[in-house]
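Let's take a walk through a protein chain together. Have a look at the sequence and the 3D view, and then read on.

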Amino acid sequence: TPLDTDGDLEPDSNDTDDDNDGYHDTVDAFPTNSTEWLDTDEDGTGNNADNDDDGDGYNDTVDAFPTN
């Protein structure tokens with residue numbers, strides 16, 4: 001049985017969005033995690049879970065430019 005990560009009946013080998021999050025696998029930093037698609041600071045933690053998206057040491061809630 002071919003792998004179908006998102007259960008859409010399209011095998012991952014043919015599926016352009018394996019996790020069905022709306023982001024094409026070629027631009028999705030986490031192509032098999034439907035809750036993440038972007039990792040601005042490339043630390044391995046997606047922006048949705050990362051409290052410091054740009055890796056500058058300042059929490060996003062107090063950072064005037066959280067992704068820069």
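**A tour of the chain**

Of the 68 residues in the chain, 31% are buried, where buried means under 20% relative accessible area, exposed means over 50%, and partly exposed lies in between (1.4 Å probe, protein chains only). Keep in mind that this is a predicted model, in which local features need pLDDT of at least 70, side-chain atom pairs count only at pLDDT 80 or more, and totals for chains, interfaces and linings use all residues. Residues are numbered from 1 along each chain as its sequence is written, and side-chain values use heavy atoms, with hydrogens and water left out.

Let's begin with the overall form. The chain has zero helices and zero strands; helices (H or I, at least four residues) and strands (E, at least two) are DSSP runs, numbered from the N terminus. The chain is more spread out than a compact globule, because its radius of gyration is 15 Å, well over the 11 Å that the globule rule gives for 68 residues. That radius is taken over C-alpha atoms, and the rule is 2.2 Å times the number of residues to the power 0.38.

Now zoom in on the rings. The structure holds one aromatic pair. Its partners are Tyr-23 and Trp-37, which are stacked, with 4.8 Å centre to centre and 10 degrees between the planes. Rings of Phe, Tyr and Trp (its six-membered ring) pair if their centres lie within 6.5 Å; planes under 30 degrees apart count as stacked, over 60 as edge-to-face and the rest as tilted. Tyr-23 is partly exposed at 34% relative accessibility, and Trp-37 is partly exposed at 27%.

Next, find Thr-26, which is exposed at 66% relative accessibility. The side chains of Thr-26 and His-24 are joined by a polar contact of 2.9 Å. A polar contact is a pair of N or O atoms within 3.5 Å; within protein, one must be able to donate a hydrogen and the other to accept it, and residues adjacent in sequence count only if both atoms are side-chain atoms.

Finally, look at the backbone of Leu-9, which has a positive phi of about 70 degrees although it is not a glycine. Leu-9 is exposed, at 78% relative accessibility.
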